[in-house]
Amino acid sequence: MGPPKTPQITPSILNADFAALGAEVGRIPSADWVHVDVMDNHFVPNLTFGPTMVEALTKATDVPLDAHLMIEDPDREALAYVEAGAGSVTFHVEASSAPVRLARELRGHGARASMALKPATPIEPYEDLLAELDMVLLMTVEPGFGGQKFLDLVLPKVRRARELLDRHGLETWLQVDGGVSLETIERCAEAGADVFVAGSAVFSAEDPDRMVAALRSAAQSVG
Ligand code: DX5
Ligand code: ZN
């Protein structure tokens, strides 16, 4: 699967109504993926869901799940999210002691393998790993919470990551995550991102699915 033909919008449910998550994912049927922020209260100071919730969500929507693991031990725990039904699993490079082995394990079990970098983590040291990945997630906020302000300082890293992927002719997708909205998505697309997580921008909207479409056309409007 090459780079996405059209920008992929992957709304995060972190700011959705947790008392009605099944119904909430039903409000974004036109999303390309549902971004599920898994937090273990160790890697980040917040606690959300585990594999059981991911499995329940696969029954609430036909949209594939993009699990973003903000957990301390993805080397040991990531596969549980593949078994739970996530089509894409993102681990943080800062938390993995064996990222190549983990990426190959995820792919070997039929999931897309994705690696996330926090804002202060440079992309260059991982140039030789990129071919092992189906997606790179560049955090545009410090992980742990939705509704934070977009960090423009990450945009140069998005550009450099895009250059590396293009230089190696890789089909790896480039995802941005955190503070993405109608105000910030175009600069992310200009910098070279092709997959966009939006949490509060989608679930604070009157009609979340219309916001998904608006975000997609805003990203597409960038030549
Ligand atoms: C933060 C999560 C993001 C966040 C996005 O740790 O990884 O996915 O929920 O939410 P917004 O779009 O509100 O910043
Ligand atoms: Zn996320």
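These legends walk through several close-up views of the structure above.

This is a predicted model, in which local features need pLDDT of at least 70 and side-chain atom pairs count only at pLDDT 80 or more, while totals for chains, interfaces and linings use all residues. Residues are numbered from 1 along each chain as its sequence is written, chains are lettered from A and ligands numbered from 1 in the order in which they are written, and side-chain values use heavy atoms, with hydrogens and water left out.

**View 1. The zinc ion (ligand 2) and its donor residues.** Here His35 (NE2), Asp37 (OD), His68 (ND1) and Asp177 (OD) coordinate the zinc ion (ligand 2) at 2.1 to 2.2 Å. Donors are N, O and S atoms within 2.8 Å of the metal (3.2 Å for Na, K and Ca); water is not among the atoms, so sites may look incomplete. The arrangement is octahedral because the six donor atoms subtend angles of 72 to 175° at the zinc ion (ligand 2); for six donors, that label asks for opposite donors over 155 degrees apart and all others between 65 and 115. For your reference, ideal angles for six octahedral donors are 90 or 180 degrees. Along the sequence, the donor residues follow the spacing H-x1-D-x30-H-x108-D. His35 is buried, at 0% relative accessibility, and Asp37 is buried too, at 5% (buried means under 20% relative accessible area, exposed over 50%, partly exposed in between, with a 1.4 Å probe and protein chains only).

**View 2. The open sheet of eight strands.** Its order is β1-β8-β7-β6-β5-β4-β3-β2, with parallel pairing; strands are DSSP runs of E with at least two residues, helices runs of H or I with at least four, numbered from the N terminus, and two strands pair if DSSP finds at least two bridges between them. The edge strands, β1 (8-9) and β2 (34-39), each pair on one side only. Strand β2 runs parallel to β3 (residues 65-70), joined by six bridges, and Asp37 stands opposite His68 in β3.

**View 3. Phe196 in the largest nonpolar core.** Of the 68 residues in this core, Ile13, Val36, Leu106 and Phe196 touch the most other members. Such a core is a set of buried Ala, Val, Leu, Ile, Met, Phe, Trp, Tyr and Cys residues joined through side-chain atoms within 4.5 Å. Neighbours within four places in sequence aside, Phe196 has contacts that include Pro7, Ile9, Val176 and Ala219 (contact means heavy atoms within 4.5 Å).

**View 4. Asn41 in a loop.** Asn41 lies between β2 and α2 (51-60). Though not a glycine, Asn41 has a positive phi of about 65°.

Methods. Four donors count as tetrahedral if all angles lie between 85 and 135 degrees; four count as square planar and six as octahedral if opposite donors are over 155 degrees apart and all others between 65 and 115; anything else is irregular.
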